[in-house]
Amino acid sequence: MSLFKARDWWSAALGEGEEFDQGCLCVGDVDNSGTGHDKVVVGSYMGMLRIFSPHTNKSSDGSVADAQLLEVQLQNAIIQVEVGKFVSCSELLHLAVLHPRKLSVYSVSGTAGNVEHGDQYQLKLIYEHNLQRTACNMTYGTFGGVTGHHSLCIQSMDGMLMFFEQDSYSFGRFLPGFLLPGPLVYNTRTDSFLTVSSARQLESYKYETLAVATEAESRQDPDLPLKTGSKRLTPDWTFVLGEQALDLSLPSFSHSSSSIFVLGERNLYCLRDNGQIRFMKKLEFNPSCFLPYASVTDGTTNLLLGNHTNMLLVYQDVTLKWAAQLSFVPVAVRIANFPELKGVVVSLSSDGHLLCSYMGTDPSFFSTPKVDAREADYEQVDAEMKKLQKFIREATRTQGRRLLGTKFLSFICSLSSGVGSSTLVAFSAFLNGRYPPADLTGDITVSYSSPTGVPRVLQSRFSLPLALVCALSSPAKTTKFKITVDTNQPPVNLNSIFPEFSAKSEDKDGNTLAFQFLSGAKVTVLASKTSQRYRIQSDSFEDMWLVVKELVQRFDQHFSKLGVKDFKKSFSGPLPLQEYFLSVDHHFQLRVSAQQYQDLLSERAVQFRAIQRRLLTRFKDKTPAPLQNLDTLLDATYSQVRHTHTHTHTHTHTLVPTLVIKKTWFLEVESFYTQSVDLQCESCILMIYGLPLFR
């Protein structure tokens, strides 16, 4: 048995197919037994209310049934349960049950039995409130400093705080700038309410401020002026968290601590009552629930924190003191005192696993057997070490191995689950649209967990083949745009640079290659026989980029394999600013035309609907009237709508590739020109139409 494991003291499985959440668990002396021992109250989203009094009964198989005091099926789902003094003129504890549209307060009473079945418990409704708004959560306390009983505050899904004083409704206030509900808690020390807004900040509202803020009785626009004699609701203080909060808690065991604990998605915050932060703990896991439960050392607070790796952690402020393994992910955790054991940890899972456990060690009577001492065979150990090192080197080399095909890409990644083990991941690569991509490289990220539970991430970069987006074609003799790349090495055979196209090439000398893109553009590469120059030409200026980039990269790889270290490439011609401006102007004209067609289509649609309404009125009229050529006008408008829609669709599809391709193309061209060896002018970036340019 592991040392760091929660010791199962009592457990129960609650129903089948039921769901539970953070507010579905509470502990307290709900039956007012007078002994001070707690009972466990559990409510489910299926409307089932259960009350348990756990105790150890290992000799009997029916310990769960003996511990269950009450089980009642309510009509509505149970969002939250709380135990407090919710009845006026009574010091007894009562049970408050929050439903989506109702708040009910019950009394739990037990009657001593005269037979072996034991005591009988009854649930009696004291009062209830029908809610006009859908509830999210609630809190209770001595609002306004009133002692002797507790008041209730319910937060609705649309941001209204509804206050109830026993069996009467007090008032309701809308929170400013509300979007989604967050956790809600009452601070007795400052008589204020704490919540986390959708702006991801902790906000504090005084009860007195809420009571007098008559402007917040209805949802108001913050930009509108205040009404005469009314007051707008503003928070007393705010603290920016920067993340969504899972839960809030205010320890009530020590008034000297004055701490506010906030559990975020990645951090644990502790603040003072005035909103100043005391400390923050960055969490390396995803938390699920937490509970501050004691102050062992003066000035510090102990708290329980559950996470999604089935762990229950004990922190003293930011220091981890203990870790216990659970068999489930806890969504709620409480501390309870039972007759046989004090300080029991009560945890509840989302599927109804209720566990009462304690932390510590059990005596173990297991003794390890004696092992015969043998001398180590150093030659065998050395051979095994070399074998393992060989496996590690192979795994490192094959970590980013790529298997490329025409349309499918297979990626092999060696994981640490075993020496030399690998996992094959295959996926398809295809062209999304009838236009060439801006780049053929991609990144693969593999996330996995090691056998010890440590998260690992592997990354690798791959390149898709050029044949995936183009095919070999006949060279074009006359083109509009040309780019010349100079090198300092003798000309090479283009068939050796592009071996995947050599089989279908008509030029066996390797001086000419032409690529036909799927979008229809053709790019021709010419190698000079006498000089060290290569010319790339095409009728589409932006489509030359992919071939230029691929040619330069393959030159680097080719001469690197030959051992040439001083290989240089350059562009000595003038910058093609005129071609660049033509592309930008063409893109801008497409944008203007697309917007004009969109506006024209909206006008035609409005006209078409207006004619339809008039025709419908004529057809419904009991006394027939002439159509006055409305049917002819309807047909003509319908033809105009179809014609305008065709033009809009054409311009929109033409605009998408020019928007994506041209922008990426010129960003890469900037890098190409800036790194050119023979370029003498200084390059800088201008902004025209939202695209980077050169000067």
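A pocket, on a 1 Å grid over the protein atoms alone, is an open set of points where a 1.4 Å probe fits, with protein on both sides within 12 Å along at least five of seven lines; its lining residues have an atom within 4 Å of a point. The model is predicted, so local features need pLDDT of at least 70 and side-chain atom pairs count only at pLDDT 80 or more, while totals for chains, interfaces and linings use all residues. Residues are numbered from 1 along each chain as its sequence is written, and side-chain values use heavy atoms, without hydrogens or water.

**Stop one: a pocket**

Select I497, E500, E550, R554 and Q557, which lie nearest the centre of the second largest pocket among its 20 lining residues. Its volume is about 440 Å³. Now colour α4 (494-497) and α5 (544-561), the elements that each give two or more residues to this lining. The largest share, eight residues, comes from α5. By type, the lining holds eight nonpolar, six polar and six charged residues.

**Stop two: a sheet**

Next, show β18 to β21: four strands in an open antiparallel sheet, ordered β18-β19-β20-β21. Strands here are DSSP E runs of at least two residues, and two of them pair if DSSP finds at least two bridges between them. Because β18 (245-249) and β21 (277-282) are at the edges with a single partner strand each, one side of each has no neighbour in the sheet.

Zoom in on β19 (residues 259-264) and β20 (residues 267-272), an antiparallel pair joined over five bridges. Which residue of β20 is the bridge partner of V262? Pick Y269 to see that partner.

Technical notes
Grid points are joined across faces, edges and corners, and a volume is the space filled by probe spheres set on the points. Ala, Val, Leu, Ile, Met, Phe, Trp, Tyr, Cys and Pro count as nonpolar, Asp, Glu, Lys and Arg as charged, and the others, Gly among them, as polar.
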